[in-house]
Amino acid sequence: MKDIVILLGVPGSGKGTQAQNLINKFGYCHISTGNLLRELEKKQHLTELEKAELEKMHNGMLVSDEFIYTLVFDAILACVNQKGKVILDGAIRTLEQAKRYHDFFVTNNIVEHISAVELHIPDTVIEERLRIRIESGEGRDDDKDPEAIKHRILLQGNTALAPIVDFYKQKGLLQSVDGTQSIGSVFTLLCDAIR
Ligand code: AMP
């Protein structure tokens, strides 16, 4: 079983659900940059930089790479030291980030523990899944605004994900799982992928 699982996928691909399944079954530590940003938002006094970055999130834009690194790298090392295994859920959204994370894994001698798994769903399914999230009351603020959804699909859909998927493919680290199947079937495929 790989100790560092990088879950890649467009919004609505099931990354959060499957991350939770992996945690329940294997005790992985969970790092979701979306959750870290939402946690940050609860802080009483936000700096101007934090406010500006969170505003981007509300508009369905990506927050800046450097801001993500300050949130995530220490959290990864803390998880690796505590539990020895970690899931990165939606933590890598640009090719630039993929490269920088890779350097970080190399520098910290953890690169051989990585497995990157793409939960693949077509763009047409994204809108449908986000719509269902809203109708079922599970939608978050950035799920509810049609403009923000459009931005997310443009900036975080399959076209945007392709260079990141290619990056891991070229390194021989990528597995792809059909994310349109049932939650149970996707989980079985995911477990096989990280073994
Ligand atoms: P999520 O909960 O994973 O869908 O993330 C919610 C929002 O947080 C995204 O729509 C982005 O605005 C922002 N975000 C999360 N992770 C990243 C990342 N690695 N790079 C840039 N923005 C991110």
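**A conversation about the model**

Author: A place to begin is Leu95, which lies in helix 5. Please keep in mind that this is a predicted model.

Reader: Is Leu95 buried, exposed or partly exposed?
Author: Leu95 has a relative accessible area of 31%.

Reader: Let us turn to the ligand. How many residues surround it?
Author: The ligand is surrounded by 17 residues. The closest are Thr33, Arg38, Met61, Ala91 and Arg93.

Reader: What does Thr33 do there, in terms of distance?
Author: One polar atom in the side chain of Thr33 is 2.7 Å from a nitrogen atom of the ligand.

Reader: Which distances are there for Arg93 and Arg152?
Author: For Arg93, a side-chain N or O atom lies 2.3 Å from an oxygen atom of the ligand. For Arg152, the corresponding distance from a side-chain N or O atom to a ligand oxygen atom is 3.4 Å.

Reader: How much of the ligand is covered by the protein?
Author: The protein buries 96% of the 480 Å² that the ligand exposes when taken alone.

Reader: Which elements give two or more residues to the shell around the ligand?
Author: Those elements are helix 2, residues 33–41, and helix 8, residues 146–156. Helix 2 provides the largest share of the shell, with 4 residues.

Reader: What kinds of residues make up that shell?
Author: There are 7 nonpolar, 5 polar and 5 charged residues in the shell.

Reader: A change of topic: how many residues are in the largest nonpolar core?
Author: That core has 41 residues. Those with the most contacts inside it are Ile6, Ile76, Leu88, Ile92, Tyr101, Phe105 and Tyr168.

Reader: Which helix gives the largest share of this core?
Author: Helix 4, residues 65–83, gives the largest share, namely 8 residues.

Reader: And why does the core lie between the two domains?
Author: The core lies between domain 1 and domain 2 because both of them give residues to it. As background, nonpolar side chains tend to be buried together in soluble globular proteins.

Reader: What about Phe167: buried or exposed?
Author: Phe167 is at 12% relative accessibility. Buried means under 20%, so Phe167 counts as buried. Phe167 is placed in helix 9, residues 158–170.

Reader: How far is Phe167 from Asp65?
Author: The two residues are 17 Å apart, C-alpha to C-alpha, and 102 residues apart in sequence.

Reader: Now Asn109, please. Where is Asn109 found?
Author: Asn109 is in the loop between helix 5 (95–107) and strand 4 (114–120). The relative accessible area of Asn109 is 60%. The cut-off for exposed is over 50%, so Asn109 is exposed.

Reader: What is the phi value of Asn109?
Author: Phi of Asn109 is near 55°, which is positive although the residue is not a glycine.

Reader: Finally, where do Ile134 and Leu189 lie?
Author: Ile134 belongs to helix 6, residues 123–135, and Leu189 to helix 10, residues 183–194. Ile134 is partly exposed at 32% relative accessibility, and Leu189 is partly exposed at 33%.

Reader: What are the C-alpha distances from Ile134 to Lys144 and from Leu189 to Val177?
Author: Ile134 and Lys144, 10 residues apart along the chain, are separated by 6.5 Å. Leu189 and Val177, 12 residues apart in sequence, are 6.4 Å apart in space.

Note on methods:
Residues numbered from 1 in each chain as written. Predicted model: local features only at pLDDT ≥ 70, side-chain atom pairs only at ≥ 80, totals over all residues. Heavy atoms only, no water. Near = heavy atom within 4 Å. Polar contact = N/O pair within 3.5 Å; in protein donor to acceptor, adjacent residues only side chain to side chain. Areas by Shrake-Rupley, 256 points an atom, 1.4 Å probe, with all protein chains shown as cover. Nonpolar A, V, L, I, M, F, W, Y, C, P; charged D, E, K, R; others polar. Core = buried A, V, L, I, M, F, W, Y, C linked by side-chain atoms within 4.5 Å. Buried < 20%, exposed > 50% of the residue type's maximum accessible area, 1.4 Å probe, protein only. Domains from an automatic or database assignment.
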